[in-house]
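Hello,

Here is the structure we talked about passing on. My notes follow below it.

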Amino acid sequence: MINRDSILECMHKESYKPLSYHELKEVFGIKDGDDEIKFSKIVGKLEKEGEIVKTRARKFGLPEMMNLVKGIIHISKKGFGVLVPEKAGIEEVFVYGKKLNGAMHNDRVMVRIQEKGYNGQRPEGTVIRILARNTRELVGTFTKGRHLLQVVPDDSRQIYPIYVKASRKWKAKEGDKVLVRISSWPERDKVAEGKIVEVLGRKGEAGVDLKVLAKKHGLRLEFPDNVLEEARSVAVAVAAEEISRRRDLRDWRMVTIDGEDAKDLDDAVSIEKTLEGYKLGVHIADVSHYVKEDSKLDREAFKRGTSVYLIDKVLPMLPVELSNNICSLNPQVERLAISCIMDIDSRGQVVDYEVCKSVIQINERMTYSEVNRILADNSPALKERYGELVEDFFLMKELSDILRRSRLNRGMLDFDFPESKVIVDEEGFPLEVKRTERGPGEMLIEDFMIKANEVVAEHLHNLGLPALYRVHEKPDEEAIGELNKVLAVFGHKIKGHKVSPMLFQEILADIKGRPEEQMISLMILRSMKHASYLPEPRGHFGLASPYYCHFTSPIRRYPDLIVHRVLSSLLDGGMTARKKSSLEKKMTIYGEQSSLQEMKAEEAERELLDVKKAQYMSQFVGDEFSARISSVQAFGFFVALENTVEGLVHISSIADDYYLFSDRTYTLRGRHSGRKFAIGDSVRVQLVRVDVDEGKIDFELLQDE
C-alpha cells in the first residue's frame with residue numbers, strides 16, 4: 001500500500017539516492033489515473049511539510065541527507081536566531097539576522113548548515129524555507145511616519161515592523177496599542193504588511209494591559225458560547241450509577257492543600273502509617289469523565305493548553321463550571337477522582353501501588369499557610385481547630401522528608417530561587433511586592449505530586465500504552481562549555497564526559513548560602529533545555545527521574561488530561577488495539593501544542609510580573625534603598641532589593657572612576673581607585689528611572705558609598 005510511511009521508508013534506505021518524481025513513480029509502480037493523483041498529493045504534502053526536499057535538479061530526498069535541519073526558530077531580542085531541531089540529538093543551529101530571510105519568532109523553518117560547530121560552538125546556518133508561520137496576529141504600537149503607517153511589535157523578538165494602511169473602521173491614533181493581522185509576511189527583499197483588526201486602547205487605561213498581554217501572547221480571554229453551553233450541560237451532580245462502578249473512598253480521611261486564593265483544586269492527599277512504612281494516596285480530579293475526547297470542551301482545552309495565572313486573574317483552561325465547581329475537589333461534597341495509592345517503605349521506595357477510578361469526599365480545604373503554621377510554628381489554635389488531621393500532617397511531613405532525601409540522593413537538582421508575590425487592588429494596581437518562601441506545606445505537596453507522577457509514568461510505560469511524558473533532556477556540550485567559563489571564576493567545574501544531575505547537584509550544594517548562589521543557580525538553570533511534552537520517555541534530568549509525566553493537574557494542564565484519558569480507557573477496559581493506535585497518532589500533536597502553550601503562558605506570566613514590579617516601583621522614583629549586587633556584567637551590575645525587585649546600575653552612572661570588567665572574577669574594578677564591585681556586595685542606590693511598558697528599572701549608586 002502506497003502511503004507517506006512507505007515513501008519515507010524507501011528514502012531512509014541506505015541504497016536510496018535522490019530520484020525525480022517520474023523515477024519515484026517507477027519505483028512504486030504507479031500508473032496514471034487515480035493512483036497517480038493520490039501519489040502526487042502524498043509527495044506534495046511531504047514536501048510542503050519539509051519531510052522531503054526537492055533539489056534544484058528536481059529530485060527528491062531527505063533533508064538530513066542534504067545538510068538541512070528542520071525545527072522552530074527562536075529569535076533573540078538582539079536580532080539573531082537559534083534553530084531548535086525537531087529531532088532529538090541534533091545540535092541547535094545559530095542563524096545571523098541577515099540570514100533569517102523573513103523568518104519570524106517561533107516559525108517552523110528549514111535551515112541549511114553552512115558552517116559546522118567546532119570546540120563546543122553551535123553550527124551556523126541560513127533559513128532557506130519557511131514551512132509554517134506561527135504568528136498571524138501581533139500586538140504593537142501604531143506610529144505614523146511621513147509617508148508610511150506602521151505597527152511596531154511590542155514583542156522585541158518580532159523584529160519586523162508591520163506596514164498598514166489607513167482604516168475607516170479602526171481609527172488608530174499615534175501611540176495606540178493595536179492588534180494587527182499579517183496579510184503578507186516578510187521575505188528576503190520584502191517588508192511585512194498587515195491590517196489593523198482591533199484598537200486595544202491607550203497605554204495606561206484600565207483593562208488595556210490585560211488585553212494587550214493576552215493578544216500579544218496569543219492567549220484566549222473568553223470561551224465561545226457553544227463551549228460554555230456544553231460545560232453547563234456536563235457539570236451535573238455525581239450519579240449513583242457512576243459511583244457504583246468506582247472504588248468508594250468517601251470514608252478515607254483526606255485533604256486538599258493549596259494557596260489561599262486557589263479555586264481550581266485538582267489534587268487531594270491521604271496518608272496512613274503501615275508496618276512497612278506509609279500508605280500515601282494522591283487523589284486527582286477525574287476531569288476526563290466530563291471532558292470527552294473531541295468534544296467542544298476538549299478542542300477548546302487543546303487550544304489553550306494550560307490555565308494562565310496573571311497575578312490576580314486566571315485565564316482557565318476549562319470554564320468555571322468545571323474548573324471551580326464540579327471538577328474542583330471542594331470539601332464535604334462527592335467528587336470523581338483517579339487515585340494513585342502507593343505503599344512506600346522507610347527509604348522512600350514504592351513497594352506496591354494501585355491506580356483506580358474512585359469517588360472521594362474531602363474533609364478539609366487546607367491552605368499552605370495553615371499547614372505551615374501547624375508544622376513549623378506548632379500553632380495551638382490551628383491544632384485544636386483541625387484536631388484529628390494534625391497527626392496526618394506530621395506524618396505527611398515525615399514522609400515528605402524521606403521522599404525528598406531519596407530524590408536528592410539520586411541527583412535531583414533543588415534550586416532555591418526567591419519567589420515574588422505582587423498584591424494588587426481591585427483595579428489591578430500593585431500595592432505591595434514581597435518575597436515568598438516555600439514552607440513544609442508547599443514542599444510536601446510537591447514531593448507527593450512528583451512521586452505520583454513518576455509512578456503513573458512508569459506504569460504506562462511498562463504497559464506499553466501511549467502517553468505524554470514530561471521530558472527534560474540533559475544540557476548539550478556547548479551549554480556546559482559556556483557554563484564552565486562562569487563556574488571557573490568561582491572555583492567550580494562540571495567535570496567528566498558523562499553529564500549527570502549529580503554533578504550539578506554537587507555545585508548547588510557547594511554554593512549554598514554564598515553571595516554568588518543566586519547568579520550561579522540561574523546560570524545552571526539557563527544552561528539546561530526547557531522541559532517539554534513528548535510521546536516517549538527520555539527522562540527528566542532535573543528530577544533525575546527515568547520516567548516522568550504530568551498526571552496531577554488535569555483541571556489546568558492539557559497533558560494531564562491526556563494521561564487521565566489513557567488511564568480511564570485502560571481502567572474501563574476500553575483500550576482496544578484501535579483505540580491505542582488512535583491515541584498514539586495524536587500524542588505528538590498533543591505534545592507540541594502543550595509545549596508551545598506552556599511557553600506562551602510562562603512568558604506572559606513573567607512579563608506581567610516584571611511590569612507590575614515596575615509599576616509598583618514607579619511611585620518611589622528618587623527614593624534611596626539598601627540593595628545587594630546580584631550579578632556583574634561589563635555594562636554594569638544588577639542589584640536586588642529585599643522584596644525581590646531587581647534593577648540595573650549602568651556603568652556609565654558610576655562617575656567616580658573608570659571601571660573595568662574582569663571576566664575572570666566577575667567584578668568591576670576602578671582603574672585609579674581600585675574600588676571593586678562584586679556579587680553579594682551591599683550597596684546604597686537611588687531609583688532614577690522606571691519603564692513600566694518594558695518592565696525595566698534603573699538605579700544609580702549613591703556617591704557616599
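Against which strands and helices do the buried residues of H9 pack? This is a predicted model, and in it they pack against strands S15 (255-258) and S22 (364-367) and against helices H10 (380-385), H11 (390-410) and H12 (440-462). Helix H9 itself covers residues 368-375; six of its eight residues are buried, so the rest of the structure largely encloses the helix. The buried ones are Tyr 368, Glu 370, Val 371, Asn 372, Ile 374 and Leu 375. Buried here means under 20% relative accessible area.

Next, the barrel. Five strands close into it in the order S27-S28-S29-S34-S33, with mixed pairing. From one strand to the next, the twist averages 50°. On the S34 side, Asp 698 is the bridge partner of Leu 648. As background, strands of a sheet pair through backbone hydrogen bonds, either parallel or antiparallel.

The structure holds one cavity of 30 Å³ or more. The volume of the largest cavity is about 60 Å³. Its lining is made up of Leu 219, Arg 220, Lys 303, Arg 304, Thr 306, Val 308, Leu 315, Pro 316 and Gln 597. By class, four of the lining residues are nonpolar, two are polar and three are charged.

Regards

Note on methods: Residues are numbered from 1 along each chain as its sequence is written. This is a predicted model: local features need pLDDT of at least 70, side-chain atom pairs count only at pLDDT 80 or more; totals for chains, interfaces and linings use all residues. Side-chain values use heavy atoms; hydrogens and water are left out. On a 1 Å grid over the protein atoms alone, a cavity is a set of points where a 1.4 Å probe fits but cannot get out, and a pocket is an open set with protein on both sides within 12 Å along at least five of seven lines; lining residues have an atom within 4 Å of a point. Grid points are joined across faces, edges and corners, and a volume is the space filled by probe spheres set on the points. Ala, Val, Leu, Ile, Met, Phe, Trp, Tyr, Cys and Pro count as nonpolar, Asp, Glu, Lys and Arg as charged, and the others, Gly among them, as polar. Two strands pair if DSSP finds at least two bridges between them. Helices (H or I, at least four residues) and strands (E, at least two) are DSSP runs, numbered from the N terminus. Axes are lines fitted to C-alpha atoms, for helices over the stretch in contact, and angles run from 0 to 180 degrees between N-to-C directions. Buried means under 20% relative accessible area, exposed over 50%, partly exposed in between (1.4 Å probe, protein chains only). Contact means heavy atoms within 4.5 Å.
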